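Please look over the structure below before reading on. The report that follows takes up its strands, aromatic rings, cores and backbone in turn.

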Amino acid sequence: MLATRLKGAGGAGGANLEYIGHKWGSSTVTVTRGVDYENGDILFSYMHYYSNLLINDESGWTLINRALYSSYQSFAFSRIVASAASYTTNNGNRDNVVVVFRPTGYSTFTQVAEDEGLNGATASINMTDTNDSIYMGFGSVVSGAVVDVTVPSFANIVDVDGADGDVKFYWAYQKAGHGNTGTTVLDVSGIFELCTAIQLDLT
């Protein structure tokens, strides 16, 4: 699964966050310890459902946010620090995505801000740079491709393999004092588009 490995710039005291990769499935996705992640890795889940159901996050995961646009598509966005032999997410019937990051030198992960935008609205969060942090966002559409309208200049853009263009995620690992503070906007377009974003502080 996870052939992509990209290290961040490095945080205080030699701390670091490494992007390991992602795995996608249409109706279900399973990631396995020793193959896709190791204990202590941070896993983000994005599940995408069509139509007319507000889906739940998976049991044991920390829900970041979820929303349903009218009677059309919905999502659930969650995270967990890995400790089990495997994880399966299957509440989405169009897309289930797990993204894996490997922290080094961090033991506490604190949610600072989150937001979501539905069908033209933006995911806007108020960012701080007091601590090292990760910015994480997702965009999805019912069909076709996610079109980037506004993406933070510091974020990496990943078109999810296997999702036929209808899911993307956006991430950045930033050191304390990076200066990217204040309102940070993620905006995508497409057919009944959804977007969501979070800042997670690492200490």
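L17 stands opposite P103 in β8; strands here (E, at least two residues) and helices (H or I, at least four) are DSSP runs numbered from the N terminus. The model is a predicted one, in which local features need pLDDT of at least 70 and side-chain atom pairs count only at pLDDT 80 or more, while totals for chains, interfaces and linings use all residues. Residues are numbered from 1 along each chain as its sequence is written, and side-chain values use heavy atoms, with hydrogens and water left out.

Strand β2, covering residues 16–25, pairs with β8 in the antiparallel sense over nine bridges, where pairing requires that DSSP finds at least two bridges between two strands. Strand β4, residues 42–50, also pairs with β8 in the antiparallel sense, over seven bridges, and the bridge partner of L43 in β8 is V100. Strand β8 itself runs over residues 95–104 and is mostly covered, with eight of its 10 residues buried; buried means under 20% relative accessible area, exposed over 50%, and partly exposed in between, with a 1.4 Å probe and protein chains only.

## I42 in strand β4

Is I42 buried or exposed? This residue of strand β4 counts as buried because its relative accessibility is 3%. Leaving aside neighbours within four places in sequence, I42 is in contact with L17, I80, V99, V100, F101, P103, F109 and L202, a contact being heavy atoms within 4.5 Å. The C-alpha atoms of I42 and N96, which are 54 residues apart along the chain, are separated by 16 Å.

## An open sheet of five strands

Five strands form an open sheet with antiparallel pairing, in the order β9-β16-β11-β14-β13. Its edge strands, each pairing on one side only, are β9 (109–118) and β13 (156–159). From one strand to the next the twist averages 15 degrees, taken between axes that are lines fitted to C-alpha atoms (for helices over the stretch in contact), with angles running from 0 to 180 degrees between N-to-C directions.

## Aromatic pairs

A search of the whole structure finds 17 aromatic pairs; rings of Phe, Tyr and Trp (its six-membered ring) pair if their centres lie within 6.5 Å, and planes under 30 degrees apart count as stacked, over 60 as edge-to-face and the rest as tilted. The rings of Y19 and F101 form a tilted pair, because their planes stand at 45 degrees, with the centres 5.5 Å apart. Since Y19 lies in strand β2 and F101 in strand β8, the pair ties together parts that are 82 residues apart in sequence. Both Y19 and F101 are buried.

Y72 and F192 form a stacked pair, 3.9 Å centre to centre with 15 degrees between the planes. This pair links distant parts of the chain, 120 residues apart, with Y72 in the loop between β5 (62–68) and β6 (73–81) and F192 in the loop between β15 (182–189) and β16 (194–202). Y72 is partly exposed, with a relative accessible area of 28%, and F192 is partly exposed at 24%.

## Nonpolar cores

Of the 30 residues in the largest nonpolar core, those touching the most other members are F44, F77, V99, F101, M136, F138 and F169; such a core is a set of buried Ala, Val, Leu, Ile, Met, Phe, Trp, Tyr and Cys residues joined through side-chain atoms within 4.5 Å. At least two residues of this core come from each of β2, β4, β5, β6, β8, β11 (132–140), β14 and β16. Apart from it lies another core, of 14 residues, including I125, Y135, Y170 and L186.

## Backbone and confidence

The peptide bond from Y50 to S51 is cis, with omega near 10 degrees, and S51 is found in the loop between β4 and β5. N52 lies in the loop between β4 and β5 and has a positive phi, near 60 degrees, in a residue other than glycine.

The mean pLDDT of the protein is 94, and 94% of its residues reach 70 or more, pLDDT being the predictor's confidence in each residue, from 0 to 100. Over residues 6–11 pLDDT stays under 50. Where pLDDT is low, the predicted coordinates should not be read in detail.
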